[in-house]
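Here are my notes for you to read with the model open beside them. Have a look at the picture first, then go through the points one by one.

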Amino acid sequence: MNSNKLAVKGFITILTGLYSFQDCVHFLASVRKFHREPIIVLIDRVPQILYPLLQVFGNVILKPAPSHENPVLASRLAKLALYGESLFEKTIYMDCDICLLSPIDEVFDFLDGVDLLVTEDVQPAIAKAANLLRVKQDILSTLQSVGLPLNENSIQYNGGFIAFTKSSKTQELFTNFKKYFEMVVAHQNVLLLKDQGAFAAAVESVKPKMTTLSPVYNFLDKWKEIYAIDKPIKVMHCTYPYRPQYAKNVTRSLFTRIVDRTAKIFLPNQLNNPWRLK
């Protein structure tokens, strides 16, 4: 790939720490089942001896993610860097615990004429987003008190799926995303280490040209009772450790079965990830 010229389209994901390595293998397997575009993996705190297990899927570009001893914070910092790290005119970012259930070529087409494509969180109203706070107090006023420019109409988008184009507006969005996330990190006494509030604040302040996609493009099966959809699910967000059988069926192969069996022995269990308790 010519570093001076952007590829037309591609995918990007984040792998920070061994806790998500098994998920990332399945993510790559699912994308490769339906797509041939390049896939960037922003990677940190994974031994290089394991890199070939990711590159076996072909056209996988491993790029160093912002490094941090806390893999959860490292993954947040990597999300802030998505715009700068993308090598594509059109980029689809997905968390590595996502599994494609069908091709999503149309998402690249949807980016014609817009800067950003997102999906709403299962609790879209920022004013009700208790998942962002460590403390039990009024949600909106707490978010506003730390400097986030949010209001009662602000929407919480799920950061597991973000598609964007290379544009001045998108660049401004990610610049503001970084600024507001720094406010979140600076107020860990009241806010959890999540990126949705900062992202919502960036959208609110920049107002990019954007489209909100159907939940079929970011379906969290763990909360399937919340959705009211009548179309086939295309993007399954598995929210480890919950991976439904039809997601397993998509990526099942001799290679992934071997990875799964050895993972039980050699890889740390995400359920015991100490950083998730902080």
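1. Let's start with one side chain. Glu37 reaches His35 through a polar contact between their side chains, at 3.0 Å. (For a polar contact, two N or O atoms must lie within 3.5 Å; within protein, one must be able to donate a hydrogen and the other to accept it, and residues adjacent in sequence count only if both atoms are side-chain atoms.)

2. A word on the ground rules. This is a predicted model, where local features need pLDDT of at least 70 and side-chain atom pairs count only at pLDDT 80 or more, while totals for chains, interfaces and linings use all residues. Residues are numbered from 1 along each chain as its sequence is written, and side-chain values use heavy atoms, with hydrogens and water left out.

3. Where does Glu37 sit? You'll find Glu37 in the loop between helix 1 (21-34) and strand 2 (39-44). (Helices, H or I with at least four residues, and strands, E with at least two, are DSSP runs numbered from the N terminus.) With a relative accessible area of 12%, Glu37 is buried; the cut-offs are under 20% for buried, over 50% for exposed and in between for partly exposed, using a 1.4 Å probe and protein chains only. Leaving aside residues up to four places away in sequence, Glu37 touches Lys9, Gly10, Phe11, Arg32, Asn59, Asp105 and Phe108. (Contact means heavy atoms within 4.5 Å.)

4. Asn59 is in the loop between helix 2 and strand 3 (60-64) and is partly exposed, at 41% relative accessible area. Its phi is positive, about 55 degrees, although Asn59 is not a glycine. Arg45 is another non-glycine residue with a positive phi, near 60 degrees. Look for Arg45 in the loop between strand 2 and helix 2 (51-55); at 47% relative accessibility, Arg45 is partly exposed.

5. Now helix 8 (residues 196-206). Is helix 8 largely enclosed or open? Nine of its eleven residues are buried, so helix 8 is largely enclosed by the rest of the structure. Among the buried ones are Gln196, Phe199, Val203 and Val206. The buried residues pack against strand 6 (116-125), strand 7 (155-165), helix 7 and strand 8 (210-212).

6. How do helix 7 (residues 168-186) and helix 8 cross? Their axes come within 8 Å and cross at roughly 135 degrees. (Axes are lines fitted to C-alpha atoms, for helices over the stretch in contact, and angles run from 0 to 180 degrees between N-to-C directions.) Helix 7 and helix 8 are therefore oblique to each other. (Under 35 degrees is roughly parallel, over 145 roughly antiparallel, 65 to 115 roughly perpendicular, and the rest oblique.) The contact includes Leu173, Phe177 and Tyr180 of helix 7 and Phe199, Ala202 and Val206 of helix 8.

7. Helix 7 also meets helix 3 (residues 71-80), with axes that come within 9 Å and cross at roughly 155 degrees. That makes helix 3 and helix 7 roughly antiparallel. Among the residues in contact are Leu73 and Leu77 of helix 3, and Phe174 and Phe181 of helix 7.

8. Last, a sheet: three strands form an open one in the order 5-10-9, with mixed pairing. (Strands pair if DSSP finds at least two bridges between them.) Strand 5 (98-100) and strand 9 (219-220) are at the edges with a single partner strand each, so one side of each has no neighbour in the sheet.
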